[in-house]
Amino acid sequence: MMAQLRHMLRDDDVNHEEQKQILELGMKFRENRFHHRPFEGPQGVAVLFDKPSTRTRSSFSIGVAELGGYPLVIDKSGSQLGRGEPISDTTEVLTRMAYAIVWRTFEQSRIEEMASVATVPVVNALTDEFHPCQVLADFLTLAQFRGGVDALEGMSIAYLGDAANNMANSYLLAGAVAGMHVAVAGPNGYLPDEAIVQDAEAIAATTGGSILVTTNPLEAVAGADCVFTDTWVSMGEESQYAVRSKPFWPYQVNEKLMGYAKPDALFQHCLPAYRGKEVTAEVIDGPQSVVWDEAENRLHAQKALLTWLIGKQRGDESLLV
């Protein structure tokens, strides 16, 4: 296999077969956390944070170490990026030292600029527009509980709440890549960008999936195999909760709403969750919830993604299985 520099900046940076390959690798890492160790040395992976994190920091730090590498974790306050150094300058330095770069940042344009300069794989650990690592973990969780990666194709998933955020965007694109039937529901004024919807529809037309964007939560949930939600207020907006949350109350995931999904439907939440707001305690702590497996699967899915990307860069087929 010829070497290819690949990045994961948004969910459709991989095609249907590539997404399956990454998820199959994730299943292998679930079975054996040391399935591959491509960063033996240890080789350094730079993990940059412009935003606070629990699951992303833990899963990438531990994951890189389990892959045989050294996680160089850099907070915004501890980097020159935080003091205004151009992204390209920081990237020029890191790409000569690190074997991959992971970045949790703000605008999508920032990580795209980094990838345009980098000569090593760049991974989006969350931007304002997309959260591909989270959705890989979510789909790995579906595969874990619903018969493997092949079972994802044709599955129906529903996302409720703030449908203009990064999670909704990623479910649309990644679900379309997987060949799923994706329904996204939110109030008027909080619906996905039309360009992302069109991208997802174009992909779904090639994979056998479908896309539904609606303001009706019951329509979205009807017959769903899994129901997803996210907090209604993003980081930094907590003081506006009372005002911002008003349009979302009809989209709360509660037992009544789950009753419109399939009887064995799963519930997932990317966390942190606010019980009694976007989801009730009865649902998130109930028998249909798989949120703790979902959180653990961040570790396995991200190890699989890093291994796949470095395998592509090195032209090493053995790392892709």
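# Briefing: cavity, pocket, helix contacts and backbone geometry

One cavity of 30 Å³ or more is present in the structure. The model is a predicted one. Of the helix pairs, H6 and H7 are roughly parallel, whereas H2 and H12 are oblique to each other.

**Largest cavity**

- The volume of the largest cavity is about 70 Å³.
- Its lining consists of His16, Gln19, Lys20, Leu23, Val149, Asp150, Leu152, Glu153 and Ala178.
- Helix H1 (residues 16-31) provides the largest share of this lining, with four residues.
- Sorted by class, the residues lining the largest cavity are four nonpolar, two polar and three charged.

**Second largest pocket**

- The second largest pocket has a computed volume of about 150 Å³.
- A total of 13 residues line the second largest pocket, and those nearest its centre are Ile74, Ser79, Gln80, Leu81 and Thr90.
- Strand E1 (44-49), strand E2 (70-75) and helix H3 (87-97) are the elements that each give two or more residues to this lining.
- H3 makes the largest contribution to the lining of the second largest pocket, namely three residues.
- The lining of the second largest pocket comprises six nonpolar, three polar and four charged residues.

**Helix pair H6 and H7**

- Helix H6 (residues 166-178) and helix H7 (residues 194-207) have axes that come within 7 Å and cross at roughly 15°.
- Because angles under 35 degrees count as roughly parallel, H6 is roughly parallel to H7.
- The crossing of these two helices, H6 and H7, is left-handed.
- On the H6 side, the contact is made by Asn169, Leu172, Leu173, Ala176 and Val177.
- On the H7 side, the contact is made by Ile196, Val197, Asp199, Ala200, Ile203, Ala204 and Thr207.
- In terms of class, nine nonpolar, two polar and one charged residues form the contact of H6 with H7.

**Helix pair H2 and H12**

- The axes of helix H2 (residues 55-66) and helix H12 (residues 291-314) come within 9 Å, with a crossing angle of roughly 50°.
- H2 and H12 are therefore oblique to each other.
- The H2 and H12 crossing is right-handed.
- H2 takes part in the contact through Arg55, Thr56, Ser59, Phe60, Ile62, Gly63, Val64 and Glu66.
- H12 takes part in the contact through Ala295, Arg298, Leu299, Gln302, Lys303 and Leu306.
- The contact of H2 with H12 has six nonpolar residues, four polar residues and four charged residues.

**Backbone geometry**

- Most peptide bonds are trans, and most residues other than glycine have a negative phi.
- Glycine 41 and proline 42 are joined by a cis peptide bond, with omega at about 0°.
- Proline 42 belongs to the loop between H1 and E1; H1 is also the helix that gives the largest share of the lining of the largest cavity, and E1 is among the elements giving two or more residues to the lining of the second largest pocket.
- A cis peptide bond also runs from leucine 271 to proline 272, where omega is near 5°.
- The loop between strand E9 (266-269) and helix H11 (281-284) contains proline 272.
- Leucine 126 is not a glycine, yet its phi is positive, at about 140°.
- Leucine 126 is located in strand E4 (residues 122-126).

Definitions and conventions: Residues are numbered from 1 along each chain as its sequence is written. This is a predicted model: local features need pLDDT of at least 70, side-chain atom pairs count only at pLDDT 80 or more; totals for chains, interfaces and linings use all residues. Side-chain values use heavy atoms; hydrogens and water are left out. Axes are lines fitted to C-alpha atoms, for helices over the stretch in contact, and angles run from 0 to 180 degrees between N-to-C directions. Angles under 35 degrees count as roughly parallel, over 145 as roughly antiparallel, 65 to 115 as roughly perpendicular and the rest as oblique. A crossing is left-handed if the near helix is turned anticlockwise from the far one by less than a right angle, and right-handed if clockwise. Contact means heavy atoms within 4.5 Å. Ala, Val, Leu, Ile, Met, Phe, Trp, Tyr, Cys and Pro count as nonpolar, Asp, Glu, Lys and Arg as charged, and the others, Gly among them, as polar. On a 1 Å grid over the protein atoms alone, a cavity is a set of points where a 1.4 Å probe fits but cannot get out, and a pocket is an open set with protein on both sides within 12 Å along at least five of seven lines; lining residues have an atom within 4 Å of a point. Grid points are joined across faces, edges and corners, and a volume is the space filled by probe spheres set on the points.
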